[in-house]
Amino acid sequence: MRVPTSLDVEQAHPRLGALTVVDVRTPGEFASGHLPDAVNVPLDRLVRSLPELRRAAERRPLLIVCASGARSADAVTTLAPHGIPATGLTGGTQAWAAGGHALEYPGGARSRAVWAMERQVRGAAGSLVLAGLLLGLLLHPAFSLLSAAIGGGLVFSALTGTCGMAVLLGRLPFNRRGAEVRP
């Protein structure tokens, strides 16, 4: 049976009970609200979780979710060569909530929201570029190399579809809080 690579919110909502929902955001993002009955397998741990995901996919089709749909599309692409069919949710939890559908919170209580990883990367990259420029102007021109390094990292990220800064930010304590749940 052919599995679609993506479903929009209105296609996914009526099928939710027949799917295993896998949220690939960081545990901190997951704790700030996720689809009902979702399990959290952060994108950086996806390959290590292949056996569990394969077993889950044998029971029910996988719906992969993130904040906006970008990381879930990456996860679907990562799982395919391993023979694990999966479908991504177009627009992610943002589209789910915008469609008027409820999010669940660990322990039933809404925790302080953690910024989406894309927003964390933009904030960190922008701050480092500004710091490099200011330090280069005020202290020594060599500090401008920091801005160049961040720019180079962003270009590399765009070309390869990977993001080292997201990996590093994902290891910060506020992105690791909450228990990780396996399928």
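In which helix does Leu138 lie? Leu138 belongs to helix H6, which spans residues 117-138; helices are DSSP runs of H or I with at least four residues, strands are runs of E with at least two, and both are numbered from the N terminus.

The model is a predicted one, in which local features need pLDDT of at least 70, side-chain atom pairs count only at pLDDT 80 or more, and totals for chains, interfaces and linings use all residues. Residues are numbered from 1 along each chain as its sequence is written, and side-chain values use heavy atoms, with hydrogens and water left out.

## Overall architecture

The chain contains nine helices and five strands. Read from the N terminus, the order of elements is β-α-β-α-β-α-β-α-β-α-α-α-α-α. Along the principal axes, the C-alpha atoms fill a box of roughly 60 × 40 × 25 Å.

Of the 183 residues in the chain, 38% are buried; buried means under 20% relative accessible area, exposed means over 50%, and partly exposed lies in between, with a 1.4 Å probe and protein chains only. Among contacts with a separation of 6 or more, 70% join residues 24 or more positions apart, where contact means heavy atoms within 4.5 Å.

## Surface and charge

The accessible surface of the chain amounts to about 9900 Å², and carbon and sulfur atoms account for 64% of that surface. Areas of this kind come from the Shrake-Rupley method with a 1.4 Å probe; for residues, only the protein chains shown count as cover.

Leu138 is exposed, with a relative accessible area of 69%. Together with Leu134, Leu135, Leu137, Leu139 and Phe143, Leu138 forms a nonpolar surface patch with about 660 Å² of accessible area. Patches are made of residues with over 30% relative accessible area and no salt bridge, with like charges joined within 9 Å and nonpolar side chains (Val, Leu, Ile, Met, Phe, Trp, Tyr) within 5 Å.

There are 18 positive and 12 negative side chains, and the centres of the two sets lie 4 Å apart. Lys and Arg count as positive and Asp and Glu as negative, while His and the chain ends are not counted; the place of a charge is taken as NZ of Lys, CZ of Arg, CG of Asp or CD of Glu.

## Salt bridges

Side chains of opposite charge can pair when their charged atoms come close. A search of the whole structure finds two salt bridges, each defined as a side-chain nitrogen of Lys or Arg within 4 Å of a carboxyl oxygen of Asp or Glu.

| Acidic residue | Basic residue | N to O distance |
| Asp23 | Arg25 | 2.8 Å |
| Glu29 | Arg71 | 2.9 Å |

The bridge between Glu29 and Arg71 links distant parts of the chain: Glu29 is in helix H2 (residues 27-31) and Arg71 is in helix H4 (residues 70-79), 42 residues apart. Both Glu29 and Arg71 are buried.

## Selected sites

Thr26 sits in the loop between strand E2 (20-23) and H2. Thr26 is buried, with a relative accessible area of 7%. Beyond its neighbours within four places in sequence, Thr26 contacts Asn40, Arg71, Met117, Gly170 and Asn175.

Leu62, in strand E4 (residues 62-65), is buried at 1% relative accessibility. Leu62 and Val22 are 40 residues apart in sequence, and their C-alpha atoms are 6.8 Å apart in space. Apart from residues up to four places away in sequence, the residues that Leu62 touches include Thr20, Val22, Leu53, Leu79 and Ile84.

Asp37 lies in the loop between H2 and strand E3 (39-40). Its phi is near 60°, a positive value in a residue other than glycine. Asp37 is exposed, with a relative accessible area of 65%.

Thr78, in helix H4, is partly exposed at 28% relative accessibility. Leaving out residues up to four places away in sequence, Thr78 touches Leu46 and Val47.

Ala95 lies in helix H5 (residues 92-98) and is partly exposed, at 25% relative accessible area. The C-alpha atoms of Ala95 and Val9 are separated by 6.7 Å, although the two residues are 86 residues apart along the chain.
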